[in-house]
Amino acid sequence: MSADGNAGFETRAIHAGQEPDKQTGAVIVPIYATSTYAQDGVGGLRGGYEYSRTANPTRTALETCLASLEGGRFGRSFASGLAASDVLLRSVCRPGDHVVFGDDAYGGTFRLVDKVLSLWGVEYTPVNLGDVDAVRAAVRPNTKVIWAETPTNPLLRVVDISALAGIAQESGAKLVIDNTFASPYLQTPLELGADVVLHSTTKYIGGHSDVVGGALITSDEELDAQMGFLQNAAGAITGPMDAWLTLRGLKTLAIRMERHSDNAERIVEELTGHPKVSSVLYPGVAGHPGHEIAGKQMRRYGGMVSFTVHGGEQAALDVVAKTRVFTLAESLGGVESLIEHPGRMTHASTAGSQLEVPADLIRLSVGIENADDLVADLLQALD
Ligand SMILES: *Cc1c(COP(=O)(O)O)cnc(C)c1O
């Protein structure tokens, strides 16, 4: 069957852009391992395809499905989340333009703006995106992009997407939401007024820690055309194998996100009040400062949990070294549970800056294993 825009999320994840193959009936979109396409006479393209940097049917299926899940008209996929970020920024910004983003932005996003786009004459201001007045004050006449993640990494702060959309509309800037942590199952920013959604599909969308990729989804035709131009002109595309793996992951996104959320909630319950734990950061908890906004814009609260321990950095390093089911590793969003120490690992580069994270902080990417096993593993590591 085909999945129109009215079908439920789970149906669209499995069917949108993924009709059975017309020639063979193959139920699963094939891996179109081809660089080029035969033409019937010069310019006589049979299926609209000409060269696989420009377009490839496996990639088209992924892009169509991602657009459907985010409720956007257009989807484009890239070699990584950062390749997508680069295309977005260079599609919208010209030398002399200005970008506003979170003071706890993903480190790679910060590096891209600070070390690459800045050479191109793009200016930026990091700001606390939870403070709407501070965002309004940071916006200048040359601001072209307001860039937000929600929930954020690793402190799981929540940003009010509709409020930022209002500021973007007033100022003429594009609001970009990095929806990597929530996934479209939990949150659809375009419906809340965002102009573009960005994903590292490496994380929950792929979901199995076996492929690196990125995506941009929008309903803005002019912006999509600019992004499509750069996708082809600069060439940081998704190959057909990677597109296929990502599509396979995407089919189970809904049930994975439910289970990630179930397991995370259970772990939050067990960690809260534990004598070795000093605080638990999870937007699903009533005392979390972003709980109310998260409740409005998210279906559930996801699989990322951070917490601090008594005993400082050494105590945190001891815990992350002792888990057996949770693997000590960077990245997130896969079916397997991961644990890490942001201060020494993913966020080591923020040391000494205003983005520095607490030394006693531990971040969990809660997987979909048996919840009792996950809890037992954390409790033995904390003992
Ligand atoms: C991983 C990540 C990125 C970068 O994506 P890559 O696929 O690693 O290039 C961007 N934003 C967030 C929130 C991420 O977690």
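Strands β4 and β5 (residues 174–178) pair in the parallel sense over five bridges, pairing requiring at least two DSSP bridges between two strands. Strands (E, at least two residues) and helices (H or I, at least four) are DSSP runs numbered from the N terminus. The model is predicted, so that local features need pLDDT of at least 70 and side-chain atom pairs pLDDT 80 or more, whereas totals for chains, interfaces and linings use all residues. Residues are numbered from 1 along each chain as its sequence is written, and side-chain values use heavy atoms, without hydrogens and water.

Because six of its seven residues are buried, β4 (residues 143–149) is largely enclosed by the rest of the structure; buried denotes under 20% relative accessible area (1.4 Å probe, protein chains only).

The ligand is surrounded by Ser80, Gly81, Leu82, Tyr106, Asp178, Thr180, Phe181, Ser200, Thr202, Lys203 and Gly213, with a heavy atom within 4 Å as the criterion. Polar contacts are pairs of N or O atoms within 3.5 Å. Oxygen atoms of the ligand lie 2.7 Å from a side-chain N or O atom of Thr202 and 2.9 Å from a backbone N or O atom of Leu82. Taken alone, the ligand exposes 380 Å², of which the protein buries 91% (Shrake-Rupley method, 1.4 Å probe).

Conventions:
A polar contact is a pair of N or O atoms within 3.5 Å; within protein, one must be able to donate a hydrogen and the other to accept it, and residues adjacent in sequence count only if both atoms are side-chain atoms. Buried means under 20% relative accessible area, exposed over 50%, partly exposed in between (1.4 Å probe, protein chains only).
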